[in-house]
Amino acid sequence: MTGTDNGREAYAAERAELARLLPPAPGTDLPPGRHEHHRERLMNLIDDDTARAQGRTGADARDRARVRADRPGRSRLLRPSFLAPATALAVAGALVLGYAAQNGGGPEDTGSTGETRSVSQVLLRISDAAGKGEALPVRDDQFVYTRGTGREVDLTTGKLVVQPLEESESWYSQKPGPQKKLGLSSQYGETLPINAELGDSEGTRPGLHRPTYRWLATLPTDPQELLDYLSGITPKFEEEDPDQAVFQAIGGLIGDTILPPGTAAALYKAAALIPGVTEAPDAVDALGRKGVGIARDDERSGVRTEWVFDPEDLSYLGWSSHLTRDTEYGKKGDFMGDSAVIETAVVDKAGVRPQD
């Protein structure tokens, strides 16, 4: 084995160790392309730092680092300097807009039985509306296009710094089977490839981390069966509430892609079965659109996340989140991020917009 091969193996081992040591983010409800954009920028910084430290060129470093992860924000890779004495949420917030999104609380009492019935009724209405939606034909050779906007929360200094509203676009491939190239992401004037999830050397298969329309259509439509299935395939991390993990997984699916109507209906009914879900009467998305809100408090991170639905047709609009208690990086009520869906469509080619 050559010295170059030994160096590459050592480099890969270092990256894997970073992924193992990094605490899991509390959750996300961002379009996957935004995760990929920030990950690509961050990984380029890691590569450049490594190249400078070892006297290698940036091109050589980039050649060794072309594996990326997506959805729903697991296996975060950060430079060692980011691993300051802060909470997992603070680390995650340094990466991308509101990784506090989609936080789930524990199985605490949501209040009176009447309140529990009320949120179930709201989710049933949303489910019924989703089930009556138009089933868009999505071919395996097409891409799901999403355009959205949101505000990032930077916590690299240990304090909340809200970033300006920023628009993003993504194109996700619907090809069956493992894929090494999952699509494109566009943000901050850059268009970058979305590569296979970290560790998928043969490509990422359709599933929770790559929810193609075909895969989504195979999910159980019985709410309890669906919840059990998602619980079984959702990654679990030490000291993470399993209910929280499933809640954020559902949030990622409803906000990231185009859903078959039957699957969408079942997802909302499944969400109603998760303990800790409540109504949020004052929910507002990143564009200031007020709507019907569904919320969940995460007692571990102290973050409340609210899904926002159009008050007229109950379509998904976006999410917002804020702190529910004082923390080392912010005060109770402080803004933690938001997003808004502007457009979703099916296109024939990555990089092409629906109106093109």
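**View 1. Asp285 forms a salt bridge with Arg289, and their closest N and O atoms are 2.6 Å apart.** A salt bridge here is a side-chain nitrogen of Lys or Arg within 4 Å of a carboxyl oxygen of Asp or Glu. Keep in mind that this is a predicted model, where local features need pLDDT of at least 70, side-chain atom pairs count only at pLDDT 80 or more, and totals for chains, interfaces and linings use all residues. Residues are numbered from 1 along each chain as its sequence is written, and side-chain values use heavy atoms, with hydrogens and water left out. Is Asp285 buried or exposed? Asp285 has a relative accessible area of 3%, so it is buried. Arg289, at 27%, is partly exposed. The cut-offs are simple: buried means under 20% relative accessible area, exposed means over 50%, and partly exposed is in between (1.4 Å probe, protein chains only).

**View 2. Arg304 takes part in a salt bridge with Asp297 and in another with Glu306.** With Asp297, the N to O distance is 2.9 Å; with Glu306, it is 3.2 Å. Arg304 counts as buried at 15% relative accessibility, and Glu306 is buried too. Asp297, on the other hand, is partly exposed at 25%. Elsewhere, salt bridges with shared partners join Arg139, Asp141 and Asp348 into one network. The salt bridge count comes to 10.

**View 3. Here we look at aromatic pairs, and the count comes to 4.** How are the rings of Phe247 and Trp307 arranged? Their centres are 4.5 Å apart and their planes are at 5 degrees, so this pair is stacked. For the rule, take rings of Phe, Tyr and Trp (its six-membered ring): they pair if their centres lie within 6.5 Å, and planes under 30 degrees apart count as stacked, over 60 as edge-to-face and the rest as tilted. Phe247 lies in helix H8 (residues 242-256) and Trp307 in strand S7 (residues 303-309), so the pair ties together parts 60 residues apart in sequence. Helices (H or I, at least four residues) and strands (E, at least two) are DSSP runs, numbered from the N terminus. Phe247 is buried at 0% relative accessibility, and Trp307 is buried with a relative accessible area of 0%.

**View 4. Tyr268 and Phe309 make an edge-to-face pair, with ring centres 5.5 Å apart and planes at 75 degrees.** Tyr268 lies in helix H9 (residues 261-272) and Phe309 in strand S7, so this pair ties together parts 41 residues apart in sequence. Both Tyr268 and Phe309 are buried. Ring pairs also bring in Tyr316, making a cluster of Tyr268, Phe309 and Tyr316.

**View 5. Strand S1 (residues 143-154) and strand S2 (residues 161-173) pair in the antiparallel sense over 11 bridges.** Two strands pair if DSSP finds at least two bridges between them. Look for Thr149, which stands opposite Glu167 in S2. The hairpin of S1 and S2 has 6 residues between the strands, and Gly158 there takes a positive phi near 90 degrees. S2 also runs antiparallel to strand S3 (residues 181-187), joined by 5 bridges. Which residue in S3 is the bridge partner of Trp171? That partner is Leu184.
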